[in-house]
Amino acid sequence: MTYIESSTLTAIAKDYLEELKKRNDPLKARDRLKIPLQEMPSQDPHIRAKNLEEVATGYTEEQAILEAMRCLQCPKEMCVHDCPVMVNIPVFLKYIADGDFQSAVDEIKKTSLLPAICGRVCPQEVQCQLNCTVGKSLKDVDQAVSIGRLERFVADWERKQGTVKLPEIKPETGKKVAIVGSGPAGLVVAADVRREGHEVTLFEAFHKLGGVMRYGIPEFRLPNDIVDEEIETLKKIGVKFQTNFVVGRTRKLHDLITKDGYDAVFVGTGAGLPLFMGIEGENLVGVFSANEYLTRANLMRAFEKDKAATPIYSSKRVAVLGGGNVAMDAARMSLRLGAEKVYVVYRRTEVEMPARKEEVQHAKEEGIEFLFLQNAKRILGDEKSRVKAMECLRYELGEPDSSGRRRPVVIPDSEFLLDVDTVIVAIGNGSNPLVSQTTPDLKVNRWGNIIVDDNQKTSMERVFAGGDIVLGAATVILAMGEGRRAAKAINDLLAEDLKKNQS
Ligand SMILES: Cc1cc2nc3c(=O)[nH]c(=O)nc-3n(C[C@H](O)[C@H](O)[C@H](O)COP(=O)(O)OP(=O)(O)OC[C@H]3O[C@@H](n4cnc5c(N)ncnc54)[C@H](O)[C@@H]3O)c2cc1C
Ligand code: SF4
């Protein structure tokens, strides 16, 4: 796909819709399959590579209606089945096709609490869009109905109208719930538990709320004001927030129950522990974990160069190691922070890359160079211990490994030098260990993930957990899904308590 200006995309959609409106007979499936997929308008790559504004600018009304008209309203909706929170997709798409955007967003919110966020960052191509009948009929998953873009469209439409409704809160029960971590898992639990009338306090280690949605995913993919608005809604319904509060240090998990009188606790502390390659030179100045790099840029506002309290290392030539969304975010962020040349170094090929296709496409459009079938062997430093180059090896693909992806095999004597001054390691994250290290009776598996039952209950009475701390580094929607399940279990537990008190 080459870049097409937003005005052109809008004009084409308008004309197509006008033509369809002239028809008197109802659209048949074959007519719907002929409607062209609506591309997402975006900022010009040359301009956006130097700013932090959102890359994708969102569908216009005409594009949204036309895209929703592509849906075949299948009797057996694979899209709903493949959505982790089972949004009633055909129903909300029909509302959009009819121009009833409010009903569309109301329908989504019955099951998904954060549509403006999920519509932007969910990997729809491997979830709801994967088995969409339209994509299957056109033999191309990229031609599936753009469910995520439409979800985002109606959520943004509602915000612009100022019609976002506050959820109804049941009468106060006197029960208290503590939530640890303000990522998507914690926020969903806060909303669902507060709705039942329980008092909710959310503890967050950082000075800002939102978890990875704030400190990891850059503003050019997920603007902060969208996360802020979700948090504002929670504040308005009475959720209390305590930032700079590190559970395990400021207060032990046990103390929340035994001393502070919380009736239940949810742990949603995420997977923020960066993994490194374990190669020579990783301790040099100019080597970062993607986590640190993105946290400095997003949370500590390093891009505001004149104002930032913790200015970021100035880079000219950057190598990012890894092939996931985190690697794409780090590479694109380094470009925006002033790097002149950015490489993504990945030891398999583009086919095996776990990053979303759209993100890879955007990165390429912005000028990032991908070095496939290559990887770092060691990082070389100068006399001041600053990165001066990276020695790499070339690879070829062998037999599939346990993940089903073909194993990268080193080509002997293939070493070469890459001229870089910065290396960002983006090869994955482990679970945050502090809570489990300071709570011996909280059972974890060998990777440090908290062990839970089907209701997200941990080995400790009245303690529940969910999101990345349970799943390992996963996705926003899966974290939300776990939060939903945990909230239900907490609400059930507290309802039992209240019943016992009454009898
Ligand atoms: C750079 C990056 C890009 C990503 N891109 C995508 C994407 O495009 N799409 C997608 O679906 N997913 C993406 N993910 C993954 C997704 O963001 C996570 O799966 C999701 O945020 C997990 O939610 P969570 O609530 O479990 O934890 P988190 O979002 O990690 O939040 C956990 C919170 O707990 C706090 N905390 C930790 N320990 C303590 C403590 N002891 N006391 C108090 N607070 C504590 C942390 O500070 C943090 O705020 C990305 C991740 C990263 C890092
Ligand atoms: S599978 Fe695709 S075409 Fe069928 S109802 Fe879902 S979105 Fe519509």
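A residue is called buried if 20 or more other C-beta atoms lie within 10 Å of its own, exposed if 12 or fewer, and partly exposed in between, with C-beta atoms placed from the backbone. By that count asparagine 244 is exposed, with 11 other C-beta atoms within 10 Å. Welcome to a predicted model, in which local features need pLDDT of at least 70, side-chain atom pairs count only at pLDDT 80 or more, and totals for chains, interfaces and linings use all residues. Residues are numbered from 1 along each chain as its sequence is written, while chains are lettered from A and ligands numbered from 1 in the order in which they are written.

**Overall build**

- The chain holds 20 helices and 16 strands; helices (H or I, at least four residues) and strands (E, at least two) are DSSP runs, numbered from the N terminus.
- With a radius of gyration of 24 Å, close to the 23 Å of the globule rule for 503 residues, the chain is as compact as a globular protein of that length. The radius is taken over C-alpha atoms, and the rule is 2.2 Å times the number of residues to the power 0.38.
- Along its principal axes, the C-alpha trace spans about 75 × 70 × 50 Å.
- Buried residues amount to 46% of the 503 in the chain.
- Of the contacts with a separation of 6 or more, 70% join residues 24 or more positions apart; two residues are in contact if their C-beta atoms, placed from the backbone, lie within 7 Å.

**Domains**

- The assignment gives domain 1 (6-161), domain 2 (176-272 + 431-502) and domain 3 (275-429), with bounds that come from an automatic or database domain assignment.
- Between domain 1 and domain 3, the C-alpha centres lie 33 Å apart. Their contact takes nine residues from domain 1 and nine residues from domain 3.
- On the domain 1 side of that contact there are five nonpolar, one polar and three charged residues. Here Ala, Val, Leu, Ile, Met, Phe, Trp, Tyr, Cys and Pro count as nonpolar, Asp, Glu, Lys and Arg as charged, and the others, Gly among them, as polar.

**Ligand 1**

- The shell around ligand 1 has 40 residues, the closest being Gly181, Gly183, Gly211, Gly270 and Gly467; a residue is near a molecule if its C-beta atom, placed from the backbone, lies within 6 Å of it.
- Elements giving two or more residues to this shell include α11 (184-195), α16 (325-336) and α20 (476-502).
- By class, the shell around ligand 1 comprises 22 nonpolar, 15 polar and three charged residues.
- Ligand 1 lies between domain 2 and domain 3, because both give residues to its shell.

**Ligand 2**

- Around ligand 2 there are 15 residues, and the closest are Cys71, Cys74, Cys79, Pro90 and Cys132.
- At least two shell residues come from each of α5 (78-81), α6 (89-97) and α9 (133-137), and α6 has the largest share, three residues.
- This shell divides into 12 nonpolar, two polar and one charged residues.

**Core and buried helix**

- In soluble globular proteins, nonpolar side chains tend to be buried together.
- The largest nonpolar core has 136 residues, of which Ile96, Val320 and Ala330 touch the most other members. Such a core is a set of buried Ala, Val, Leu, Ile, Met, Phe, Trp, Tyr and Cys residues joined through C-beta atoms within 7 Å.
- Leaving out residues up to four places away in sequence, alanine 330 touches Ala290, Tyr293, Leu294, Val320, Ile424 and Ala426.
- Helix α4 (residues 61-69) is largely enclosed by the rest of the structure, because seven of its nine residues are buried. Among the elements covering those buried residues are α1 (6-21), α2 (29-34), α6 and α10 (147-161).

**Single residues to look at**

- Glycine 466 sits in the loop between β16 (463-465) and α19 and is buried, with 32 other C-beta atoms within 10 Å.
- Glycine 466 and glycine 268 are 198 residues apart in sequence, yet 5.5 Å apart in space, C-alpha to C-alpha.
- Asparagine 244, in the loop between β3 (240-242) and α14 (253-258), has phi near 55°, a positive value in a residue other than glycine.
- Serine 385 has phi near 60°, likewise positive in a residue other than glycine. Serine 385 lies in the loop between β10 (374-381) and β11 (387-400) and counts as exposed, with 12 C-beta neighbours inside 10 Å.
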